[in-house]
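Let's take a walk through this protein together. Have a look at the sequence and the 3D view first.

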Amino acid sequence: MIDTHCHLNDPKFENDLDEVISRALDAGVRAMVVVGYDVRSSIRAVEISQRYDGVYATVGLHPYEAERYKDDDLREIEELLKYEKVKGLGEVGLDYYRGPSDKNRQKELFVSQLEIVRRYKKTVVLHIREAFDDVFSIVQEFGDLKFIFHSFSFTKREMEKLLPFENFFISFSGMITFVKEVEESAKISPRDRTLTETDSPYLAPIPMRGKRNEPAFVRFVVERLSKIWGLEFEECREITEENARRVMGLG
Ligand code: NI
C-alpha cells in the first residue's frame, strides 16, 4: 500500500511522528508522500522525507492564500523542488470555495508553479474545489506533465472527462468509504491510473471516522476500492502500489 498524500507536516503529528510512521510501516504501507501547502509546510515535508526511509515529499503553494505570495516564495519552492526525495509539486490548484475571491490571482499562482515544475519534470498534485472546469482547461496546456487529481470527490461526469488523458491520475482518499458519489466514480476509474491516499490528518475513513487520520489507515481505502472493483485485496494493493511508484518515481 502507498499513501500518496498525507500531511505528516501538520502540527497534529508533532508529538508522535515516529510512532505514526512505524504504525504505517507495520501495517504494510511501503511509501508515504508528505504534501506541502505553503513554504513552511513544504520545508517541513522535505525535512521529514530526509529523516525516514520510504517517506517522500511534494512542495507547493496552495491556492488558499494566493494573495499573500511573492516571487520570493516561488523561488523558495523551486529550490525545494531540486531535492531527490521531492517527487512533485503540490498541493496546488484552484479553490473557489475557500480561496481568495480573486480567481485571476489564484490562476496566476497556479500557472507560475506549473511553469516552474516543468523544468524539473516532476508530477503535480492537484487540489480542486468548486473549480473543476477551470483546472481542467489549464492542465490541458501542460500535456508534458503528469497530474494527480487528489482526493477525487467529483461525479462520474467529471471522471469521464479525465479518461482520455494518459497523464491524468486519480487518487482516492477515505471519502471512498463514505461518499456514494465517489464510490460511483471509482467504478470507472482506470485501473492503471488509480492511486490511494489518506489526506491525513483529515478525512479518516470508515471505520475510523472522527479520529485523527494517519497513513496506516490507507488500508481501508485499498479495501474499499478492491470491493468496488471486485478484486482480491492483494491484487488491488499491487495495482495501486505499482501506479504510485510509476507516477511519482518512488524508489
Ligand atoms: Ni491535502
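What follows covers a metal site, a pocket and some ring contacts.

A quick note before we start: this is a predicted model, where local features need pLDDT of at least 70, side-chain atom pairs count only at pLDDT 80 or more, and totals for chains, interfaces and linings use all residues. Residues are numbered from 1 along each chain as its sequence is written, and side-chain values use heavy atoms, with hydrogens and water left out.

**The nickel site**

Which residues hold the nickel ion? Its protein donors are H5 (NE2), H7 (NE2), E91 (OE) and D199 (OD), at 2.2 to 2.3 Å; a donor here is an N, O or S atom within 2.8 Å of the metal (3.2 Å for Na, K and Ca). Water is not among the atoms, so a site may look incomplete. Along the chain, the donor residues follow the spacing H-x1-H-x83-E-x107-D. H7 sits in the loop between β1 (2-6) and α1 (17-26), and D199 in the loop between β8 (194-196) and α8 (218-229), so this pair ties together parts 192 residues apart in sequence. (Helices are DSSP runs of H or I with at least four residues, strands are E runs with at least two, and both are numbered from the N terminus.) Both H7 and D199 are buried, meaning under 20% relative accessible area with a 1.4 Å probe, protein chains only.

**The largest pocket**

E91 and D199 turn up again here: along with H62, R98 and H127, they lie nearest the centre of the largest pocket, which has 24 lining residues. Strand β5 gives the largest share of that lining, four residues.

**Rings and charges**

| Charged residue | Ring | Distance to ring centre |
|---|---|---|
| K85 | Y56 | 5.4 Å |
| R98 | Y64 | 4.2 Å |

Rings of Phe, Tyr and Trp (its six-membered ring) pair if their centres lie within 6.5 Å; planes under 30 degrees apart are stacked, over 60 edge-to-face, and the rest tilted. F152 and F172 make an edge-to-face pair, 6.0 Å centre to centre with 65 degrees between the planes. F152 is in the loop between β6 (147-149) and α6 (156-162) while F172 is in strand β7 (residues 168-172), so the pair links parts 20 residues apart in sequence. F152 and F172 are both buried, and they belong to a cluster linked by ring pairs, whose members include F132, F136 and F147.

Note on methods
Buried means under 20% relative accessible area, exposed over 50%, partly exposed in between (1.4 Å probe, protein chains only). A charge sits over a ring if NZ of Lys or CZ of Arg is within 6 Å of the ring centre and within 35 degrees of the ring normal. On a 1 Å grid over the protein atoms alone, a cavity is a set of points where a 1.4 Å probe fits but cannot get out, and a pocket is an open set with protein on both sides within 12 Å along at least five of seven lines; lining residues have an atom within 4 Å of a point.
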